[in-house]
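Biologist: Please take one part of this model and go through it closely. Then carry on to whatever else you can describe with confidence.

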Amino acid sequence: PIQLSIQELTKRFKTGDGVKGISLDVMKGELVTLLGPSGCGKTTVLRSIGGFLDPDSGDIQIQGKSVLKLPPEKRPTAMVFQSYNLWPHMTVYDNLAFGLKIRKVKKTEIDRQVKEALALVRLESAERKTPGQLSGGQQQRVALARALLLKPDVLLLDEPFSALDAKLRMEMREELRDIQTQTGMTMVFVTHDQEEALSISDRIVVMNAGRIEQLSSPQEIYDKPQSLFVAGFIGRINLLKGVSTGRSVSVSGIPFAQEHEYTGESMIGVRPEDIVLTTEENGSLAGTIRQVMILGHYAEVSLDSGTHHLKMFVPRERAAELRSGEHIRFSFSKIVTFPAAQ
Ligand code: ADP
Ligand code: MG
């Protein structure tokens with residue numbers, strides 16, 4: 001069933017920026033991520049759902065009922081921000097209990113719920129500490145626990161891990177995904193980090209300049225970007241010029257199959273892992289190795305081919321045999337093409 005339905009949401013700020021006709025359904029128990037560059041309108045959508053911002057037009061429904069007329073505290077939503085927004089002078093326990101006390105929940109019930117939420121984020125031992133005594137990651141877990149115990153119909157998370165260091169950010173991704181599986185909670189997650197989006201989402205909404213560019217599963221966003229913008233924003237990609245005729249596109253005179261049928265100048269996208277070295281002369285391109293950078297289990301190899309400068313990923317063992325200046329031949333195992341005029 002549809003838990004959250006956003007219909008033609010539009011908000012225009014005085015500057016002319018904002019969001020333009022965003023429509024999106026989120027299913028119950030689903031984690032959907034809004035992904036896009038800074039300023040594309042992610043927070044505007046999230047704040048509209050939470051009730052912190054009045055849209056100009058459109059509707060937002062949760063479990064089939066419009067929530068637009070409700071103030072934030074009456075909406076069945078809870079929000080987690082990049083800044084943790086904890087009460088600095090209160091203990092972790094009291095930070096969590098606060099919202100329940102206001103709702104006049106019984107003391108024994110508050111105790112049960114606070115402990116349950118702390119267990120979910122694995123912070124039982126921090127109950128009596130104040131936020132200042134906790135690390136950034138722990139503080140964000142407290143903020144997450146506080147949102148979880150309100151048992152919102154939709155949990156909204158606005159770049160919640162952006163302030164954390166890279167290693168912790170990866171741990172938090174896993175934890176959030178675990179929590180989501182355990183609770184079955186519906187979540188709308190906002191990030192500008194494509195790797196974060198690819199790793200945690202059931203579906204990703206790629207946004208650009210206030211609009212939805214693509215709405216698909218992570219796999220599909222990566223493998224089948226529907227626009228040059230999505231292709232360039234998600235993952236690493238090489239862009240080359242080519243010429244298409246029907247189902248074929250040629251690069252430096254070498255033909256490759258293309259999925260969509262059209263004729264004219266093309267932009268061709270090739271992921272670094274989809275460039276393969278070959279000894280086969282037929283159907284391959286000639287190139288020269290410029291640089292080999294070992295990055296752990298794989299290497300990033302830059303190569304020149306005519307006017308094209310490409311990056312490819314090569315397993316470490318193979319990369320050790322490559323020398324800069326060496327002439328090689330290469331081909332593409334997978335490409336995406338777009339009409340150049342796009
Ligand atoms: P994101 O979260 O994707 O970085 P936002 O939703 O915060 O983007 O902002 C989208 C656009 O709207 C940006 O250009 C931003 O500057 C503008 N904007 C956001 N909030 C306001 C506001 N309260 N007043 C004026 N402009 C705003
Ligand atoms: Mg934002």
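Modeller: Strand β12 (residues 248-251) runs antiparallel to β13, and four bridges join the two. Strands count as paired when DSSP finds at least two bridges between them. The model is predicted, so a local feature needs pLDDT of at least 70 and side-chain atom pairs count only at 80 or more, while totals for chains, interfaces and linings use all residues. Residues are numbered from 1 along each chain as its sequence is written, and chains are lettered from A and ligands numbered from 1 in the order in which they are written.

Now widen the view. β12 and β13 belong to an open sheet of five strands, ordered β13-β12-β11-β14-β20, with antiparallel pairing. β13 (254-257) and β20 (336-339) stand at the edges, so each has a single partner strand and one side without a neighbour in the sheet. Neighbouring strands here are turned by 40° against each other on average, direction ignored. Strand numbers count from the N terminus; a strand is a DSSP run of E with at least two residues, a helix a run of H or I with at least four.

Another open sheet has four strands. Its order is β2-β1-β4-β5, again with antiparallel pairing. The edges are β2 (18-27) and β5 (65-66), each pairing on one side only. Inside, β1 (residues 2-12) and β4 (residues 57-62) are antiparallel and share five bridges. Two of the partners can be named. Serine 5 bridges to glutamine 61 of β4, and glutamine 7 bridges to aspartate 59 of β4. Glutamine 61 also has a bridge partner in β5, serine 66. β4 and β5 are antiparallel over two bridges. They form a hairpin with two residues between the strands, and glutamine 63 in that turn has a positive phi of about 45°.

On to the helices. Two packed helices are described by the angle between their axes and the distance between the axes. Take α2 (residues 92-102) and α3 (residues 107-120): their axes come within 10 Å and cross at roughly 130°. The axes are lines fitted to C-alpha atoms over the stretch in contact, and angles run from 0 to 180 degrees between N-to-C directions. α2 and α3 are therefore oblique to each other (under 35 degrees is roughly parallel, over 145 roughly antiparallel, 65 to 115 roughly perpendicular, the rest oblique). The crossing is right-handed (the near helix is turned clockwise from the far one by less than a right angle). Tyr93, Leu96, Ala97, Leu100 and Lys101 of α2 meet Ile110, Gln113, Val114 and Ala117 of α3; contact means C-beta atoms, placed from the backbone, within 7 Å. By class, that gives seven nonpolar, one polar and one charged residues. Ala, Val, Leu, Ile, Met, Phe, Trp, Tyr, Cys and Pro count as nonpolar, Asp, Glu, Lys and Arg as charged, and the others, Gly among them, as polar.

α2 also packs on α4 (residues 136-148), at about 25° with the axes 9 Å apart. These two are therefore roughly parallel. Their crossing is right-handed. Val92, Asn95, Leu96 and Gly99 of α2 touch Val142, Ala145 and Arg146 of α4. The contact has four nonpolar, two polar and one charged residues.

Last, the record. UniProt, in an unreviewed entry, places "domain: ABC transporter" at residues 4-234. In the model that span is 36% helix and 26% strand, and its end C-alpha atoms lie 25 Å apart.

How values were computed: Two residues are in contact if their C-beta atoms, placed from the backbone, lie within 7 Å. UniProt positions are given in the numbering used here, feature names are shortened, and annotations may be inferred rather than shown by experiment.
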